[in-house]
Amino acid sequence: MDTLQQIEEMGHEQVVFCHDPTSGLKAIIAIHDTTLGPSLGGCRVRPYASTDEALQDVLRLSRAMTWKSALAGLDLGGGKCVIIGDRSDNSEARFRALGRHIQGLGGRYITAEDMNTTTVEMEWVRKETAFVSGLHPLDGGTGDPGPVTAYGTYFGVRACLQHTFGSADPKGRRVAIQGVGSVGMGLARHLADAGAELVLSDINMDRARSAAAEFGAKAVEPDAFYSADVDVLAPCAIGGVINPKTIPLLKAPIVCGAANNILGDDERDGLDLMGRNILFAPDFCVNAGGIISVFGEVRRYGQQSAMVRAERIEQTTLDVFAHATSDGVPPVRAAIAIAQHRIDSVRALRRI
Ligand code: NAD
């Protein structure tokens with residue numbers, strides 16, 4: 001399939017290839033849908049093996065941002081930016097050049113930090129354009145979105161417990177968390193405060209052990225995560241971890257975590273989980289706390305308000321499950337349908 005055909009099939013409005021010979025910038029900005037508002041999504045830096053690998057990543061990530069914001073009720077569209085390169089090459093020249101490309105889009109895309117970019121890079125972008133978020137609190141930003149993401153994911157877990165056991169209360173429930181970084185640690189704290197028993201795993205075992213000591217939890221080796229005998233598995237590290245290799249290992253009746261793109265393939269793995277009676281909470285539904293936090297910078301509501309908005313993720317997730325049950329489809333498909341319905345309704349309003 002050629003690129004334009006693929007863009008048409010996935011529904012993107014615009015894909016921009018950016019180059020700056022002075023700084024060596026090579027980037028792709030994908031604007032998926034701006035029906036609800038300007039497209040917003042992070043800018044990640046990765047040494048992609050090829051332009052096509054970068055393109056596939058940015059197309060999939062930007063579309064997921066559309067669904068995430070639509071489902072969270074935000075007036076935002078979906079977009080994303082990838083820079084082909086190594087983090088060690090991040091420079092003011094490179095991010096200023098990116099800022100000029102973003103400025104040229106006139107507000108159709110707002111960038112933010114993501115993998116291998118921080119508030120430092122966003123400050124460089126801001127020297128050339130106002131269409132940037134994720135700034136340091138001292139520069140008028142909302143800072144690290146991790147705590148809001150963790151808090152929202154906690155409410156996603158509550159929704160899963162409610163749907164499966166008839167009570168949202170985590171007290172006495174067993175939850176295994178993969179990745180005790182910014183979001184995983186925050187989620188662990190909320191669950192421990194609510195009386196859940198935790199099993200923690202991380203590729204960095206020292207980190208897993210020290211987190212386990214903090215919460216009186218059990219630390220397990222990375223591979224033992226999948227077969228943990230718990231009520232909830234919460235992947236909070238990397239994407240693609242629930243796939244045909246790992247699904248047969250699962251004992252938990254619920255998978256609900258903050259990592260982006262948890263399923264190797266939404267359709268294939270979503271159907272497989274449903275067939276095994278394992279409830280999967282779509283990650284772009286439960287991890288929306290991050291975009292809710294970043295949107296606060298655009299709309300000028302503070303972190304406190306973002307936390308309150310993140311609590312609504314519990315009801316949104318329950319709505320997704322109700323829709324999935326009534327239509328007999330996996331929750332991922334239901335979540336996309338709800339998001340698309342909101343976008344279509346606003347599009348129809350514009351035609352009147
Ligand atoms: P982080 O880098 O702070 O933490 C990730 C943790 O996972 C680290 O402790 C790392 O050692 C561990 N890890 C990495 N690979 C692993 C593996 N294969 N097995 C086990 N552990 C592994 O990242 P974060 O900000 O906590 O984000 C975690 C996930 O949530 C990512 O997928 C991210 O895209 C997603 N997410 C984050 C936010 C946010 O606001 N930070 C928002 C939405 C989604």
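Student: Which domains is the protein divided into?
Tutor: There are domain 1 (3-62 + 77-139) and domain 2 (146-288 + 316-338), with bounds from an automatic or database domain assignment. This is a predicted model, where local features need pLDDT of at least 70, side-chain atom pairs count only at pLDDT 80 or more, and totals for chains, interfaces and linings use all residues. Residues are numbered from 1 along each chain as its sequence is written, and side-chain values use heavy atoms, with hydrogens and water left out.

Student: How far apart do the C-alpha centres of domain 1 and domain 2 lie?
Tutor: Those centres are 29 Å apart.

Student: New topic. How many disulfides does the structure hold?
Tutor: It holds 0 disulfides, a disulfide being a pair of cysteine sulfur atoms within 2.5 Å.

Student: What about Cys-160?
Tutor: The sulfur of Cys-160 has its closest cysteine sulfur in Cys-256, 4.0 Å away, too far for a bond. Cys-160 also counts as buried, at 0% relative accessibility.

Student: Which residues touch the most other members in the largest nonpolar core?
Tutor: Among them are Val-175, Ile-177, Leu-187 and Cys-256, in a core of 48 residues. A nonpolar core is a set of buried Ala, Val, Leu, Ile, Met, Phe, Trp, Tyr and Cys residues joined through side-chain atoms within 4.5 Å.

Student: Where does the largest share of this core come from?
Tutor: Helix H5 (residues 146-165) supplies it, with 8 residues; helices are DSSP runs (H or I, at least four residues), numbered from the N terminus. Domain 1 and domain 2 each give the core at least three residues.

Student: Last topic, the ligand. Which residues come nearest?
Tutor: Of the 19 residues around the ligand, the nearest are Thr-149, Ser-182, Val-183, Asp-202 and Arg-207. A residue counts as near if one of its heavy atoms lies within 4 Å.

Student: What does the backbone of Val-183 do there?
Tutor: One of its backbone N or O atoms lies 2.8 Å from an oxygen atom of the ligand. For Ile-203, a backbone N or O atom lies 3.1 Å from a ligand nitrogen atom.

Notes:
Buried < 20%, exposed > 50% of the residue type's maximum accessible area, 1.4 Å probe, protein only. Helix = DSSP H or I, 4+ residues; strand = E, 2+ residues; numbered from the N terminus. Polar contact = N/O pair within 3.5 Å; in protein donor to acceptor, adjacent residues only side chain to side chain.
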